[in-house]
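This note is written for a colleague who is meeting the structure for the first time. Please read the points below alongside the sequence and the model.

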Amino acid sequence: NDDVSQKDDTDTPADAVEFEVGCVLFSFCPGKQTQGLAVEKGEDVLILAKESLAWWYCRSSDNRSGYIPRNFIEVYDTKLPGSTPSS
């Protein structure tokens, strides 16, 4: 008789966050003293927050996070539930 509760991995919480994924259209290399995220053209990024009309907070496939100009990203039609993009 096990007292350890087992979680069913098929259950998705009702408040689960879905993230949009986008493709970087142009390489971006921010200055060293900024919160920008250096990315290369063709790289997939996870869009964590659309904090302004000009800048989106994103996570790269190698788990770096920072801001990218919104017009540098083409958003895919699909959304991922709280996961990291794969390349």
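The points below concern charged and aromatic side chains.

1. Basis. The model is predicted, with local features requiring pLDDT of at least 70 and side-chain atom pairs pLDDT 80 or more, while totals for chains, interfaces and linings use all residues. Residues are numbered from 1 along each chain as its sequence is written, and side-chain values use heavy atoms, with hydrogens and water left out.

2. Glu-20 and Lys-50. A salt bridge (a side-chain nitrogen of Lys or Arg within 4 Å of a carboxyl oxygen of Asp or Glu) joins Glu-20 to Lys-50, with 2.6 Å between the closest N and O atoms. Because Glu-20 belongs to strand 1 (residues 18–24) and Lys-50 to the loop between strand 2 (44–49) and strand 3 (55–60), the pair ties together parts 30 residues apart in sequence. Strands are DSSP runs of E, at least two residues, numbered from the N terminus.

3. Lys-50 and Trp-56. The charged end of Lys-50 also sits over the ring of Trp-56, 4.6 Å from its centre; the criterion is NZ of Lys or CZ of Arg within 6 Å of the ring centre and within 35 degrees of the ring normal.

4. Asp-62 and Arg-64. These side chains form a salt bridge at 3.0 Å, N to O. The count of salt bridges comes to 2.

5. Aromatic rings. The whole structure holds 4 aromatic pairs, for which ring centres of Phe, Tyr and Trp (its six-membered ring) must lie within 6.5 Å. Ring pairs link Phe-26, Phe-28, Trp-55 and Phe-72 into a cluster.

Technical notes: Helices (H or I, at least four residues) and strands (E, at least two) are DSSP runs, numbered from the N terminus. Rings of Phe, Tyr and Trp (its six-membered ring) pair if their centres lie within 6.5 Å; planes under 30 degrees apart count as stacked, over 60 as edge-to-face and the rest as tilted.
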